[in-house]
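This briefing concerns the contact between two chains and the make-up of one of them. Please consult the sequence and the 3D structure shown here alongside the points below.

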There are 2 protein chains.
Amino acid sequence: MTDNYHHGDLKNALIQAGLAILSQEGVQALSLRKVAKHAGVSHAAPYSHFTDKQALIAAIATEGYKKLYEQVSAVAVHYQADPRSQLIETAWAYVQFAIDTPDHFKITFSGIVEREHDYPDYVEQAQKNFALIVEVIESCQRQNILQQGDSELLMVSIWSGLHGLIHLLLGNQLPSKLLNRVSAREILLFQLNHFFVGDTP
Amino acid sequence: MTDNYHHGDLKNALIQAGLAILSQEGVQALSLRKVAKHAGVSHAAPYSHFTDKQALIAAIATEGYKKLYEQVSAVAVHYQADPRSQLIETAWAYVQFAIDTPDHFKITFSGIVEREHDYPDYVEQAQKNFALIVEVIESCQRQNILQQGDSELLMVSIWSGLHGLIHLLLGNQLPSKLLNRVSAREILLFQLNHFFVGDTP
DNA sequence: GTGAAATCTTTACACCGTCAAGTTTGTGGG
DNA sequence: CCCACAAACTTGACGGTGTAAAGATTTCAC
């Protein structure tokens, strides 16, 4: 083995290299050639494992969903006994993931998927995350902490608020005037409060 | 005048060319060279009017904010007498802008602005839009349709829901199962209802 | 062991952003 | 009037990018 051929687990190494570049130089700097160089491999080597740059991005995005699921589900288990805290803290886990690794978050939710059939792994992980949040919401509904009715509609509404907050935060589109006054967590709590029964305006 | 030099209003022509490419081929295909060719000009000509590709994008984004302001303020005036409808319809105008010209919307809200000082026009238009929505919300507060208190905090919460919904819509990240059941407008109304006083869960 | 399949390299091409130098055009001061 | 100067635009070049094709090397099934 000349150390040049048959890296061993290049596919995964490329994903990890992509993540490293993503966290060090941001999403703008993520290129196939740079990923390849970072993995110590020729610039066309990635094409043995990914049909496309899109495919690499999809794999990185899938990884993002997996990591997000780990963190969110851990929080969900921890607050199992208290559905209200469970909803708040799982939502907060989303925000934290976005703040900690903004570029990974951006890629994960950048909407790479035009045709869902192209990246089944990605779709699977997305649905898994979706289902997890729906479960949290349904457990809130069972305890009458959230209103009864279409849990997916409720989920999308709450999820939208979450995503919008993150998107505005990462895009520097919230007036710093406001951010000096209230923290991201306070905004999140303020948002969520409008959905809880009883805590209404 | 050989028709080659001194185009007349190249700066604006480049922005329009960018918008054309954006609507025809999407944000991925937007390149300086293609914009230049589309305007019938050499590939380096844009550098006489924009320091950067970023600067062109900022100009296009600024244009997006202007167009958005026109549409939203027109709706705001139309529903002046009814603050509740005013909030609903201005929010819906946002969603429509995003659905009608998704790539222009994406660029406008892609968070190009790292240093706010770089593109003062962009920041100005952003703040103008922000202020407009805050006004709508404050007029709702005056009529006790929305809760009293920090209007900017309230605005950011509602705005987050709006942006999140749009982001998930444009990113194809809402389950089609749900979208077959409820329309984007119904999701928006469902969201907004949680903020109105009296219409509480 | 041998041939086929998988993995990786090399080469090549078109496109991209950007810079430097040169060319053309409009303009204002003498 | 004209001419120097500034602004607007072209040309050419550089390094980087995605990706396709062809060749080299290794592994693996038979």
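A polar contact is a pair of N or O atoms within 3.5 Å; within protein, one must be able to donate a hydrogen and the other to accept it, and residues adjacent in sequence count only if both atoms are side-chain atoms. Between chain A and chain B, 13 residue pairs are in polar contact, both residues being at pLDDT 80 or more. The model is predicted: local features need pLDDT of at least 70 and side-chain atom pairs count only at pLDDT 80 or more, whereas totals for chains, interfaces and linings use all residues. Residues are numbered from 1 along each chain as its sequence is written, chains are lettered from A in the order in which they are written, and side-chain values use heavy atoms, with hydrogens and water left out.

**Interface of chain A and chain B**

- Chain A and chain B each bring 44 residues to the contact, where contact means heavy atoms within 4.5 Å.
- About 3700 Å² is buried between chain A and chain B, and carbon and sulfur atoms give 60% of that area. Buried area is the accessible area (1.4 Å probe) that two parts lose on being put together, summed over both.
- Six salt bridges are found across the interface of chain A and chain B, a salt bridge being a side-chain nitrogen of Lys or Arg within 4 Å of a carboxyl oxygen of Asp or Glu.
- One of the salt bridges joins the side chains of K177(B) and E152(A), at 3.1 Å from N to O.

**Side of chain A that touches chain B**

- The elements of chain A that give two or more residues to this side are α3 (53–78), α6 (120–142), α7 (151–170), α8 (176–181) and α9 (184–193).
- With 13 residues, α7(A) gives the most to the side of chain A that touches chain B.

**Chain A as a whole**

- Chain A has nine helices and zero strands; helices (H or I, at least four residues) and strands (E, at least two) are DSSP runs, numbered from the N terminus.
- The C-alpha atoms of chain A fill a box of roughly 70 × 40 × 30 Å along the principal axes.
- Of the 201 residues in chain A, 53% are buried, meaning under 20% relative accessible area (1.4 Å probe, protein chains only).

**Cysteines**

- The count of disulfides over all chains is zero, a disulfide being a pair of cysteine sulfur atoms within 2.5 Å.
- C140(A) counts as buried because its relative accessibility is 0%.
- C140(B) is likewise buried, with a relative accessible area of 0%.

Notes: Buried < 20%, exposed > 50% of the residue type's maximum accessible area, 1.4 Å probe, protein only.
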